Amino acid sequence: MQPLHKAGELAPPVKEAIESLLGRVLQEDESVGIRTYRANNAPAGPARDMAYRRLLGRIDKTAGQGEERPRGELDAAIDEAVDFVRHNPE
């Protein structure tokens, strides 16, 4: 697990560099964590087409799961999730 650093405790040059990458000012009560990943080459040609078709299929499957539920039930679930996120930011 990567350590988190409180924005208010960062050295000014470090904080400025992070803000530059984020494109916004960090708030003093925010925490910052940094992760690195190895770059992967995007597929090309037929492999790219296949990946695209698989992605669209997955999106259609996910979208279809909500069709079995009444509209009001879906709206209530979305409202509940939004309310939870607003009141539990971490």
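Where does Lys-15 lie? Lys-15 lies in helix 1, where helices are DSSP runs of H or I with at least four residues and strands are E runs of at least two, numbered from the N terminus.

## Basis of the values

This is a predicted model, in which local features need pLDDT of at least 70 and side-chain atom pairs count only at pLDDT 80 or more, while totals for chains, interfaces and linings use all residues. Residues are numbered from 1 along each chain as its sequence is written, and side-chain values use heavy atoms, with hydrogens and water left out.

## Overall form

The protein has three helices and two strands. From the N terminus on, the elements run β-α-β-α-α. The radius of gyration is 21 Å, well over the 12 Å that the globule rule gives for 90 residues, so the protein is more spread out than a compact globule. That radius is taken over C-alpha atoms, and the globule rule is 2.2 Å times the number of residues to the power 0.38. Along its principal axes the C-alpha trace spans about 50 × 45 × 25 Å.

Buried residues make up 8% of the 90 residues; buried means under 20% relative accessible area, exposed over 50%, and partly exposed in between (1.4 Å probe, protein chains only). The accessible surface comes to about 8500 Å², and 54% of this belongs to carbon and sulfur atoms. Accessible areas come from the Shrake-Rupley method with a 1.4 Å probe. Of the contacts with a separation of 6 or more, 41% are between residues 24 or more positions apart, a contact being heavy atoms within 4.5 Å.

## Charges and salt bridges

The protein has 13 positive and 16 negative side chains, and the centres of the two sets lie 10 Å apart. Lys and Arg count as positive and Asp and Glu as negative, without His or the chain ends; the place of a charge is NZ of Lys, CZ of Arg, CG of Asp or CD of Glu.

A search of the whole structure finds two salt bridges, each defined as a side-chain nitrogen of Lys or Arg within 4 Å of a carboxyl oxygen of Asp or Glu. In one, the side chains of Glu-28 and Lys-15 meet at 2.7 Å, N to O. This pair links distant parts of the chain, with Glu-28 in the loop between helix 1 and strand 2 (31–32) and Lys-15 in helix 1, 13 residues apart. Arg-24 forms a salt bridge with Glu-30, the closest N and O atoms being 2.9 Å apart. Arg-24 is partly exposed, with a relative accessible area of 41%, and Glu-30 also counts as partly exposed, at 21%.

Lys-15 counts as buried because its relative accessibility is 14%. Leaving aside neighbours within four places in sequence, Lys-15 is in contact with Ala-7, Leu-10, Leu-26 and Glu-28.

Glu-19 is found in helix 1 (residues 12–22). Glu-19 is buried yet has no salt bridge; Lys-15, its nearest side chain of opposite charge, is 4.2 Å away. Not counting residues up to four places away in sequence, Glu-19 touches Arg-24, Val-25 and Leu-26.

## Val-85

Val-85 lies in helix 3 (residues 71–87). Val-85 counts as exposed, with 56% relative accessibility. Val-85 and Leu-21 are 64 residues apart in sequence and 25 Å apart in space, C-alpha to C-alpha.
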